[in-house]
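This report covers selected helices, a sheet and a single residue. Please keep the sequence and the 3D view at hand.

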Amino acid sequence: MTEPREYSLDPQNWEEFRQLGHQMMDDMLNYLQTLRERPVWQPVPDEVKNHFKAPLPLAGLPEAGVYAEFRQTILPYPLGNTHPRFWGWVIGTGTPLGMLAELLTGAISAQVGGAEHIGTYVELQVLDWLKEIMGFPADASGILISGASMANFLGLTVARNAKGLVDIRKEGLQGIGPRMVLYMSAEAHSCHQKNAEVLGLGRDSIRFIPVDEHYQIRLDLLREAIEQDKAAGHLPFCVIGSAGTVKTGAYDDMTALADICAEHHLWLHIDGAFGALVAFTEQSKHLINGMERADSLAFDMHKWMSLPFEAACVLIKSRTAHYNTFTLTPDYLEHGDRGASGAKVWLTDYGLQLSRSFRALKVWMALKTHGVEAIGKSIQMNIEQTAYLVSLIERAPELQRMAPAPLNIVCFRYAQSGLSPDALDRLNKELLLRLHESGVALVSNATIQGRFCLRMANVNHRSTYADFDVLAEKVIALGRELVAEYSTG
Ligand SMILES: *Cc1c(COP(=O)(O)O)cnc(C)c1O
């Protein structure tokens, strides 16, 4: 026998493989149907961690064995964000439909960077819908990308290039004269600082403007900072407004920001990672008034639209500015007139990636299947559930709300009277860890006015009102437990 000289990675036995595929599908649908029966989170045992220090597999194993390993060592230990009582950070929950869309995406294995195929048309369709929802004009530009950090990165890159005094693509930022200055509130997300650092603008070019009692950017201080920078010979070029700050869900006054930007010829970029998604609701979309005046807007779909990771979008009003920032066409990527290279739009001309996933498919399927209305209702439900949790906090003498909660986020803590603020910091730190380890519910933390607090961020379409009763009761029970331990120990 001579060795065969053809080596496909397709299954050796399609019938067995098909059965395994059906098994996986059944198992995963059961898994999603019974999420509530499991703990939200559980620690990864050491022996499981050690399992992932195995030597490089040279010879392969049967698929069924590898799948069994997945079920044993991976499936039980996720972060828990699919669970109805997960409210940590701002992490979306996914949907069964999203899972199926990922399956179809994997089957096609499409590369949506360029060339003539259906992937580009689906993405352009999705972008048109997203522009309409977000109040952007039909001729605006945009692209799908992994997450809001990267969507914000693309927006800021276009802003930098559009507002620079020289051709930044050619000359870079080396010795070009005035410092380009960027403004955002002190509550803006940390990704903007990273982005500004990577873009060569530098941390010293960011003005973090203080917020008022509503956690909105102080417009008077913003105006002052711009005037000061101008007087100092710098080049103010961009304001980043927040549509839903990560810590408290505050919206900057975007109409006022747009007026200030118009007056000073600045680019207005809005980070609407989750907050922009209230555009889907009837009752809360007034919160984003003025957002439509932004030059660019970044938002996530893996948070409040419940798509599986990763999915985000940046919209940019000026197609020219967007295209001019990223287009570069070597001979081997020549855009032809006919055949498979004959595409009018190559999405690689609108971002850094050449190879790009077909994430548009899951967005398209979710919008078609749920419609704007169902997505909007689940978002509105999360806002109302958050108000319900606030009412529970306000009714419980041992709980204290630590910041305004205008949207889907509450910062609060266990606050037994008689304990000093420092003692309460320590107590709540331990309380949070015990809450995680209990597997009952999962929230994360934040610092508000120097104080440690629990932070509940609700982008969970699976949560019920009763789940918030469970959270409040558990926090109170753990708080009492700790007070008792401290007073005896
Ligand atoms: C989550 C978030 C980001 C970062 O988005 P990723 O998708 O995690 O990259 C940026 N801004 C705000 C306001 C966020 O909530």
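## Terms and basis

Buried means under 20% relative accessible area, exposed means over 50%, and partly exposed lies in between (1.4 Å probe, protein chains only). The model is predicted: local features need pLDDT of at least 70, side-chain atom pairs count only at pLDDT 80 or more, and totals for chains, interfaces and linings use all residues. Residues are numbered from 1 along each chain as its sequence is written, and side-chain values use heavy atoms, with hydrogens and water left out.

## Thr-369

Thr-369 counts as partly exposed because its relative accessibility is 48%. Thr-369 sits in helix H12 (residues 360-395). Helices (H or I, at least four residues) and strands (E, at least two) are DSSP runs, numbered from the N terminus. Pro-96 is 273 residues away from Thr-369 along the chain, yet their C-alpha atoms are separated by 12 Å.

## The sheet

Five strands form an open sheet with mixed pairing, in the order E1-E11-E12-E10-E9. Strands pair if DSSP finds at least two bridges between them.

E1 and E11 run parallel and are joined by two bridges. Trp-87 has Val-443 of E11 as its bridge partner. H14 packs on the sheet and touches E1, E9, E10, E11 and E12. The direction of H14 makes about 25° with that of E10. Axes are lines fitted to C-alpha atoms, for helices over the stretch in contact; angles run from 0 to 180 degrees between N-to-C directions.

## Helix H13

Helix H13 (residues 421-438) has 18 residues. From first C-alpha to last it reaches 25 Å, close to the 26 Å expected at 1.5 Å a residue. That expected span is 1.5 Å times one less than the number of residues. Just after H13, Gly-439 takes a positive phi of about 75°.

H13 lies across E10, E11 and E12 and runs at about 35° to E12. Its buried residues include Ala-423, Leu-427, Leu-431 and Leu-435. Asp-425, Asn-428 and His-436 are also among them. The buried residues of H13 pack against strand E10 (409-414), strand E11 (442-448), strand E12 (451-457) and helix H14 (465-488). Contact means heavy atoms within 4.5 Å.

## H6 against H11

Helix H6 (residues 148-163) and helix H11 (residues 319-326) pack at about 95°, with axes 9 Å apart. H6 is therefore roughly perpendicular to H11 (65 to 115 degrees; under 35 is roughly parallel, over 145 roughly antiparallel, the rest oblique). H6 contributes Leu-154, Thr-157, Val-158, Asn-161 and Ala-162 to the contact. H11 contributes Ala-321, His-322, Thr-325 and Phe-326.
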